[in-house]
Amino acid sequence: MEHSKNEHIQKIVFTGVIAALSYVVFTFLQIKITLPGGDATSIHLGNAVCVLGALLLGGVYGGLGGAIGMTIGDLLDPVYIVYAPKTFLLKFCIGLITGLVAHTFGHIAAETDSGKVLKWTITAAVSGLLFNVIFDPLTGYFYKLVILGKPAAELTLAWNLASTSINAVTSAIASVAVYMALRPALKKSGLFFDHIGMAKKPVL
């Protein structure tokens, strides 16, 4: 019981770290591109943090961390504030899909073969980000057209697709590289979850 409580607290703390990191990366390390109609899109690595969180903590916790961080970024930006609900939903889904592939199908946390870990980590990252490449521009288009009533929705669709694709490639590379680098260090420190819901003991 005590172990389960401590584990839950650990995951909440890590979720907060992922949220803070995704906010910082999304807000301060982005290249914003102004689009017609007063809209904007950006090149950023916020999605990489979301994917990394799902690889480390599982889809729910990792997805929540990334979604919360980037949604706060939207809420504090006068250009993006109207898109905050869309951001939360899409980023949470990135985490859920990444976590599903990584942990339900690939069992990467418990896997000891580094080759298999790398294969499933890449597959999971690509799956989550591919979802975003497809649904972020489409959702954005309908969101602007139907909910916000912006006639420039069609003009910005191609730009959003391009920026989302660039973000997906860079985020996949970054998240996989960081996860593979962090994995041994977290194992040695006793902060690595070898199963979702079970913290691994330090390697002696």
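**Figure 1. V126, a residue of helix α5.** V126 sits in helix α5, where helices (H or I, at least four residues) are DSSP runs numbered from the N terminus. This is a predicted model, in which local features need pLDDT of at least 70, side-chain atom pairs count only at pLDDT 80 or more, and totals for chains, interfaces and linings use all residues. Residues are numbered from 1 along each chain as its sequence is written, and side-chain values use heavy atoms, with hydrogens and water left out. With a relative accessible area of 41%, V126 is partly exposed; buried means under 20%, exposed over 50%, and partly exposed in between (1.4 Å probe, protein chains only). Follow the chain for 54 residues and you reach M180, whose C-alpha lies 15 Å in space from that of V126.

**Figure 2. Helix α2 and its buried residues.** Let us turn to α2. Helix α2 covers residues 46-57. Twelve of its twelve residues are buried, so α2 is largely enclosed by the rest of the structure. The buried residues are G46, N47, A48, V49, C50, V51, L52, G53, A54, L55, L56 and L57. At 1.5 Å a residue, the twelve residues of α2 should span 16 Å, and the end C-alpha atoms, 17 Å apart, agree with that; the expected span is 1.5 Å times one less than the number of residues. After α2 comes G58, with a positive phi near 100 degrees.

Figure 3. V25 belongs to helix α1 (residues 2-28). Its relative accessible area is 11%, so V25 is buried. Setting aside residues up to four places away in sequence, V25 touches Q30, L45, G46 and V49; contact means heavy atoms within 4.5 Å. The C-alpha atoms of V25 and A48 are 9.3 Å apart, although 23 residues separate the two along the chain.

**Figure 4. The packing of α2 on α4.** Here α2 meets helix α4 (residues 84-105) at an angle of about 40 degrees, with the axes 8 Å apart. Axes are lines fitted to C-alpha atoms, for helices over the stretch in contact, and angles run from 0 to 180 degrees between N-to-C directions. That angle makes α2 oblique to α4; angles under 35 degrees count as roughly parallel, over 145 as roughly antiparallel, 65 to 115 as roughly perpendicular and the rest as oblique. The crossing is right-handed, meaning that the near helix is turned clockwise from the far one by less than a right angle. From α2, the contact uses N47, C50, V51, A54 and L55, and from α4 it uses K91, I94, G95, T98, G99, A102 and H103. Sorted by class, the α2 and α4 contact has six nonpolar, five polar and one charged residues. Ala, Val, Leu, Ile, Met, Phe, Trp, Tyr, Cys and Pro count as nonpolar, Asp, Glu, Lys and Arg as charged, and the others, Gly among them, as polar.

**Figure 5. Helix α3 beside α4.** Helix α3 (residues 59-75) has 17 residues that should span 24 Å at 1.5 Å a residue, and its end C-alpha atoms are 23 Å apart, which agrees. Its buried residues include the glycines G59, G62, G63, G65, G66, G69 and G73. The axes of α3 and α4 come within 7 Å and cross at roughly 155 degrees. The two helices α3 and α4 are therefore roughly antiparallel, and their crossing is right-handed. On the α3 side the meeting residues are G59, V60, G63, L64, G66, A67, I68, M70, T71, D74 and L75; on the α4 side they are A84, T87, F88, K91, F92, G95, L96 and G99. This contact of α3 with α4 divides into ten nonpolar, seven polar and two charged residues.

Figure 6. The axes of α4 and helix α5 (residues 114-147) come within 8 Å and cross at roughly 155 degrees. That makes α4 roughly antiparallel to α5. Their crossing is right-handed, and by class the contact has 14 nonpolar, seven polar and three charged residues. The loop between α4 and α5 holds H107, whose phi is positive, near 50 degrees. Most residues other than glycine have a negative phi. H107 counts as partly exposed, at 47% relative accessibility.

**Figure 7. L157 of helix α6.** L157 lies in helix α6 (residues 153-189) and, at 27% relative accessibility, counts as partly exposed. Beyond its neighbours within four places in sequence, L157 is in contact with P137 and Y141. L157 and G140 are 17 residues apart along the chain, with 7.8 Å between their C-alpha atoms.
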